[in-house]
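Hi,

Here is the structure I said I would pass on. Have a look, and then read on for what turned up inside.

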Amino acid sequence: MIRIGILGAAKIAPKAVISPASARTDCEVVAVAARDAQRAREYADEHGIPHVAESYEALLARDDIDLIYNALPPHRHADLTIAALEAGKAVLCEKPFAMNAGEADRMVQASVLAGRPLIEAFHYRFHPAFQRVLDIVRSGELGAMRRIEAAFDVTIPYRPGELRHTLAVGGGALMDLGCYPLHAVRTLLGSEPTILSATASCDHPGVDMTTSAELAFPGGETASIHTSMAPGTPFDAWIRVHGSEGHLEITNPIHPHRGHSITTTIKGNAETFTADGQSTYDHQLAHVMDVLAERAAPLTGGKDAVGNMAAIDAIYHAAGLSPRGL
């Protein structure tokens, strides 16, 4: 039985870990810690978590926890993830992995030194829908890769204290939303990009509301990503892959369990289909359990996590903004 401790009384944790764990027999959520101990107690009562730690450090020190889910904002990913690893825990860390590539690299080094898994919670990556897209790209059915375009837009309203609008904790559209299309493009092409150009618009100093970037890859492929959390922005998420023999589009790769479609057009023949599966979070936790049981190697984390943060840093530089935490 894998015993899970949650860092942060986070809105994401019930659907990301608590509910998926309750449907399994090989893991359970046993404790939570929050910045406010009273908030942690209320959260534990609400979600049926048996134990409350008085602090983040107290949670990491518990000997009845095997896996830490770090659901805190990015500015607390590096220090607490490293501390958890050093305490002998495996870690599932929310995206974006860190504030910047330097932090990400230190986290990965800590994982190697501790000999414990560190997985980034890019939940979309573990769903059969994205795996089907990846299989098609790798099969060569679309021919040689030419270009990939990807976007993730959704309004995130501003309010005082809203984390996604707060620079000091790692806010910004690229950090919170754009990390997904960037990760998808890198995963599909299997290499690291050079940033050709980037633009960003900000309503508050340094916090991008909308960001776009043009990328080039070592094999000659190009890519573009777009993300926006600006007011009035409707939900929109898609990936378009262009090859020498055809193209592919997937709609809603972020939450395919809420509805998606995959369309391939190869030599003029179009086909639209879906991929069956549970929620992305169910597949994510299943993958974590497989990694902990040594049935699978991690699909995220490691060099992949460092690479995504390095690309985010480079996009911010190209857009005239500073990477987070630097």
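First, a term: helices (H or I, at least four residues) and strands (E, at least two) are DSSP runs, numbered from the N terminus. This is a predicted model, where local features need pLDDT of at least 70 and side-chain atom pairs count only at pLDDT 80 or more, while totals for chains, interfaces and linings use all residues. Residues are numbered from 1 along each chain as its sequence is written, and side-chain values use heavy atoms, with hydrogens and water left out.

Now the cavity. Its lining (residues with an atom within 4 Å of a point on a 1 Å grid where a 1.4 Å probe fits but cannot get out) takes in Tyr124, Ala151, Tyr180, Pro181, Ala184, Trp238, Ile239, Pro253 and Ile254. Helix H7 (173-189) and strand E11 (236-243) each give two or more residues to that lining, and H7 has the largest share, with three.

Finally, helix H1 (residues 13-22): seven of its ten residues are buried, so H1 is largely enclosed by the rest of the structure. Buried here means under 20% relative accessible area (1.4 Å probe, protein chains only). Among those buried are Ala13, Val17 and Ile18.

Cheers

Definitions and conventions:
On a 1 Å grid over the protein atoms alone, a cavity is a set of points where a 1.4 Å probe fits but cannot get out, and a pocket is an open set with protein on both sides within 12 Å along at least five of seven lines; lining residues have an atom within 4 Å of a point. Buried means under 20% relative accessible area, exposed over 50%, partly exposed in between (1.4 Å probe, protein chains only).
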